[in-house]
Amino acid sequence: MEPILLTRPGSADPQPLADYQGEGGYEALSAAVKRLPEHLLSTIERSGLRGRGGAGFPVGQKWRLAASEAETQKYVVANGGEDEPGSAKDRVLMESYPHRVLEGVILAAYAIGAHEAVLYVNSLYDHATAMLDRAITEASAAGFLGARVAGSAFNLAVRIQSAPQEYVAGEDSAVLEVIEGGPPLPREKPPFPTSAGLHGKPTVVNNIETFAFIPTIVRRGPDWFRGQGTADNPGTMLFTLPSNVRSPGVVELPIGISLRVLIEDYGGGLASGKAIKAVLPGGPSSAFIGGTDLDVAMDRQPLAALGSALGCGILRIIEAGECLVEVVDGIAHFFQKESCGQCPICQMETQALARITAQVRDGQGSQQMLDQIPKLGAFARGKGFCGLISMPIPPLTSAIRLFPEDFAYHIEHGHCPASEG
Ligand SMILES: Cc1cc2nc3c(=O)[nH]c(=O)nc-3n(C[C@H](O)[C@H](O)[C@H](O)COP(=O)(O)O)c2cc1C
């Protein structure tokens, strides 16, 4: 496997400009600005790259939408809000590979015709902010940013915006609200940011990891990129292994790798040596995969066939002996806390779900209450301004389906089987 992003294994130091250029850094930009943006757009389209911020939307398609808008003022935003529990992949890229991220952003701006770009960075990430800031200064001094980028007629200004510590502040339209000086509240869609984004102008918002792939795809070509990963979802991806495996952290592997290989070969298996009861393969809004389905390929379609999702590749592993009631109660309360309150139906739904899981947890629940969960989800689906409204349902319904005995025990006894004795 050939790493595309984490090209310096074992080193967490920020990659200096000279070192990045030694790997071919900024060659893609220097070549791209000598050709029409159309060439760049079609390269990204042909690569099949999908966004790494969770939804997996085709990057070329998003850029094409923004590029085809007649408006002359356009923007690019790199989303490093990263408030997903357990996620650190964007921080790793911003801290250790700031020039790779920056070159991806500059290329995106050239492709769509933007002259301003914003790096939106989690406000806890002081080091990442400092490294990006230094990269902006270095790239400007080297002529890759500012007026006449790489000797062309293209101009670009890049600045950093601090992102609030709220989960919903990473949702793309809430990101735009924050950059405009408002609170992190999602906007009603349509219009989508590609037609009316920052200050009402066409805007591309992509995840930090998504941008980091761009320079190498442009330099080595879309066919090379398609040599790893799957036909529907080419390339590698950053997977985040949780703290209960022997080697936790961020690893770059081809999309389509088996969940078992990811956990056992790259994570070293569970540190406790216990059996795996279940896995959330794609963050807190994905559905649980049972311990008997670990050979599933980590890709959108195979995971969807099991009712789950790839998300941002943030794994959570539930060990034998852990109780799913406690786990989903934590998840339901997380989404209740993070619902911004702007859409009454989302607030109502997430509060009701958290109430049900708490009552079941405390032995005051019933099977009838659990049966309400999919109904609440179906009623609320698509009725909020953002996707948060649908997020708590997959983990809850999958846990109830896979581990009914955990829920039945709590309903009867008011505590976990694990806590007995
Ligand atoms: C509640 C919520 C939180 C989100 N948080 C993030 C985030 O922290 N980072 C991110 O890149 N995308 C996040 N997203 C997804 C963004 O809305 C958007 O789809 C993404 O930035 C697009 O980038 P991509 O196409 O490169 O994946 C979030 C979405 C929702 C609904």
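Student: Into which domains is the protein divided?

Tutor: Glad to start there! This is a predicted model, and the protein is split into domain 1 (17-225), domain 2 (236-319) and domain 3 (324-419).

Student: How do you know that domain 1 and domain 3 are in contact?

Tutor: Contact calls for heavy atoms within 4.5 Å. Ten residues of domain 1 meet that condition with nine residues of domain 3. The centres of domain 1 and domain 3, taken over C-alpha atoms, are 36 Å apart.

Student: What area do domain 1 and domain 3 bury between them, and which three residues of domain 1 supply 55% of its share?

Tutor: The two domains bury about 830 Å² between them, with 72% of it on carbon and sulfur atoms. On the side of domain 1, Tyr 167, Val 168 and Pro 186 supply 55% of the area buried against domain 3, more than any other three residues.

Student: Why is the pair of Arg 64 and Glu 38 called a salt bridge?

Tutor: Let's set the value against the cut-off. A side-chain nitrogen of Lys or Arg has to lie within 4 Å of a carboxyl oxygen of Asp or Glu. The closest N and O atoms of Arg 64 and Glu 38 are 2.7 Å apart, so the pair qualifies under the 4 Å limit. The structure holds 20 salt bridges.

Student: Why is the aromatic pair of Tyr 26 and Phe 144 called stacked?

Tutor: There are two tests here: ring centres within 6.5 Å make a pair, and planes under 30 degrees apart make it stacked. Tyr 26 and Phe 144 have 4.2 Å centre to centre and 5 degrees between the planes, so both tests are passed. The rule counts seven aromatic pairs.

Student: Where do Tyr 26 and Phe 144 lie?

Tutor: Tyr 26 is in the loop between helix 1 (17-22) and helix 2 (27-32), while Phe 144 is in the loop between helix 7 (126-141) and strand 3 (157-163), 118 residues apart. Tyr 26 also has a positive phi, near 70 degrees, in a residue other than glycine.

Student: Which peptide bonds at Pro 190 are cis?

Tutor: The bond from Lys 189 to Pro 190 is cis, with omega near -10 degrees. The bond joining Pro 190 and Pro 191 is cis too, with omega about 5 degrees. Pro 190 is in the loop between helix 8 (172-179) and strand 4 (203-207), and Pro 191 is found in the loop between helix 8 and strand 4.

How values were computed. Residues numbered from 1 in each chain as written. Predicted model: local features only at pLDDT ≥ 70, side-chain atom pairs only at ≥ 80, totals over all residues. Heavy atoms only, no water. Domains from an automatic or database assignment. Buried area = accessible area lost by both parts, 1.4 Å probe. Phe/Tyr/Trp six-rings, centres within 6.5 Å; stacked < 30°, edge-to-face > 60°. Helix = DSSP H or I, 4+ residues; strand = E, 2+ residues; numbered from the N terminus.
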